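Biologist: I am new to this structure and would like to learn how to read it. Could we go through some features one at a time?

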Amino acid sequence: MSTYEPSPADTPADTGRSLFRYVVGDEWADYRAIMAVFADTFFTEFSPDDVARRLADAGHPLGEDVVADRLESLRRWGNLAVSSSVGNPTSLTDYYRRRNRYLITRAGQEVHQVVEGILTRVDEVADVSTGRLRTLLDALVRLAAVDPATIDETELSDLVGAVFDPHQAFTSEITQFFAAINQWQSRYDLSPDELRFFAEVLVGYVGERLDDIERTARPISRRLIELEPSFPTIVERAEQGLASRVDRAGFADEVRVGHRAGSRLDDWDHLCSWFVRSGGRPSRIETLTRDAVAAVRTLTLNLTRLSRAGAAAASRRADLLRLAQLFGDAEPDQLPRLAAAAFGIGPTNHYGVLAADAGDPVATTTPWADAPPAEVPMSIRRRGDTTNRGRPSPVPDRSQETALLRQRRAEERAARTRIDHELLDLDELDGSTVSVAALTRLQEIVGRTLTGLGTAATGARRDDGPLTCHIERTPGRNTRVSCPDGTLALLDLTVALAPRFDTGTDHARAG
């Protein structure tokens with residue numbers, strides 16, 4: 001069994017980034033299905049056998065060896081943890097089976113919820129509930145009606161939570177909605193249904209929401225200005241949660257606990273920045289409103305242009321598209337009659353010469369119903385002419401980018417070769433110290449070799465690039481390889497590396 005011991009120098013950002021690694025690889029669908037097994041069971045422990053059965057029942061079968069490898073990767077990234085409880089095993093086999101059980105971590109649960117929310121609602125248009133602003137205003141009114149210096153601390157904490165909870169939900173909704181408007185304003189590929197949606201629904205909806213937000217934001221701004229002198233007292237008495245107790249106990253550096261919104265002055269400053277002007281700068285609500293109005297104006301202009309180009313009498317594009325659909329659905333013997341009825345033309349014969357760009361295999365006497373589709377330029381389809389518009393785009397010179405790319409690939413190959421030689425030059429793997437890149441390379445080789453070891457075999461061999469890796473089970477003997485970022489511990493295993501196709505012992509490096 002191999003374990004990776006992270007370095008204490010890892011930052012929270014490094015740890016947090018590792019939690020999302022399972023959705024960026026080629027096997028992301030397998031990892032997502034495994035995380036769904038754990039996330040739906042409220043921190044229940046599962047063995048690889050249990051996970052494999054549940055995946056099969058869900059229509060996503062995976063081999064037990066593959067499941068075990070995926071579970072170990074999720075444990076290494078922090079999404080899962082190994083259970084420390086073995087219960088009451090009845091045999092040694094039962095003990096090892098119980099020991100190899102996994103459960104989801106708190107961070108893994110939160111990351112899974114975020115990922116699923118993005119993947120399942122990526123195209124969803126979220127509504128903006130202006131009622132949250134009215135709830136926020138009511139909470140500020142109740143908070144202004146009490147004396148923060150004498151009110152019970154628990155009641156004060158509840159009043160502060162009633163202020164910030166609707167504000168956080170509202171800011172998330174309005175930011176996502178206005179970001180969607182910003183994307184819609186530059187779309188030029190609207191279908192007739194989308195055109196009606198934007199023209200008849202969205203523009204009016206945005207106008208109503210902006211008016212409602214503006215009416216409610218003004219009294220919120222006045223209440224916040226009135227409460228500003230009381231912010232220090234509110235923060236001092238409302239900060240009674242777990243985070244404040246951890247800070248007072250002196251464990252802030254060892255235990256990271258999130259502070260409740262409203263328990264710091266920065267939270268109140270952030271709240272004021274949404275509704276109160278400061279230093280001559282507009283509030284965030286005013287900025288979002290201004291940007292939304294500009295986006296809606298641009299969207300309206302685009303809708304007007306598109307309606308004139310595709311729906312009004314100035315263009316017959318919609319009629320021609322319908323006619324093209326009729327041609328596509330008609331039987332071959334009906335096409336000449338359909339063409340005569342649509343265009344008033346005679347027998348369907350070609351008149352003309354070969355195209356100027358040559359390579360046209362269609363003879364001039366071939367009926368158009370039997371000929372392959374013709375390439376019609378966009379300008380003819382859209383405007384009915386072939387006039388060139390604008391200046392021609394120069395052909396980009398990408399020779400420098402190509403040279404840089406080739407140089408980068410050559411440097412990567414050279415670095416890979418140096419890493420392989422670094423591993424081969426070691427006298428012993430056990431107890432050695434290598435570079436971070438060499439340890440990563442060693443992990444790759446050992447991991448791929450271990451997949452062929454199985455549960456009954458005593459040894460395995462695998463060729464990997466210019467290296468050959470030999471692994472043998474040696475109970476009681478471990479192999480440890482260190483690097484500046486951590487230590488790789490191979491328990492009950494002995495590893496030997498040699499150049500590929502060289503089976504002699506002179507070049508082997510055993511750990």
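Modeller: Start with accessibility: buried means under 20% relative accessible area, exposed over 50%, and partly exposed in between. R500 has a relative accessible area of 35%, so R500 is partly exposed. The model is a predicted one.

Biologist: What does R500 form a salt bridge with?

Modeller: Its partner is D463, and the closest N and O atoms are 3.7 Å apart. This pair links distant parts of the chain, with D463 in strand β5 and R500 in the loop between β9 and β10, 37 residues apart. D463 is partly exposed too, because its relative accessibility is 25%.

Biologist: How many salt bridges are found in the whole structure?

Modeller: The search finds 16. Another joins the side chains of E226 and R223, at 3.6 Å from N to O. Both residues lie in helix α9, 3 residues apart, about one turn of the helix.

Biologist: How are two packed helices described?

Modeller: By the angle between their axes and the distance between the axes. Here the axes of α2 (residues 28–39) and α4 (residues 64–77) come within 10 Å and cross at roughly 75°. Therefore α2 is roughly perpendicular to α4. Their contact has 7 nonpolar, 1 polar and 2 charged residues.

How values were computed:
Residues are numbered from 1 along each chain as its sequence is written. This is a predicted model: local features need pLDDT of at least 70, side-chain atom pairs count only at pLDDT 80 or more; totals for chains, interfaces and linings use all residues. Side-chain values use heavy atoms; hydrogens and water are left out. Axes are lines fitted to C-alpha atoms, for helices over the stretch in contact, and angles run from 0 to 180 degrees between N-to-C directions. Helices (H or I, at least four residues) and strands (E, at least two) are DSSP runs, numbered from the N terminus. Angles under 35 degrees count as roughly parallel, over 145 as roughly antiparallel, 65 to 115 as roughly perpendicular and the rest as oblique. Ala, Val, Leu, Ile, Met, Phe, Trp, Tyr, Cys and Pro count as nonpolar, Asp, Glu, Lys and Arg as charged, and the others, Gly among them, as polar. A salt bridge is a side-chain nitrogen of Lys or Arg within 4 Å of a carboxyl oxygen of Asp or Glu. Buried means under 20% relative accessible area, exposed over 50%, partly exposed in between (1.4 Å probe, protein chains only).
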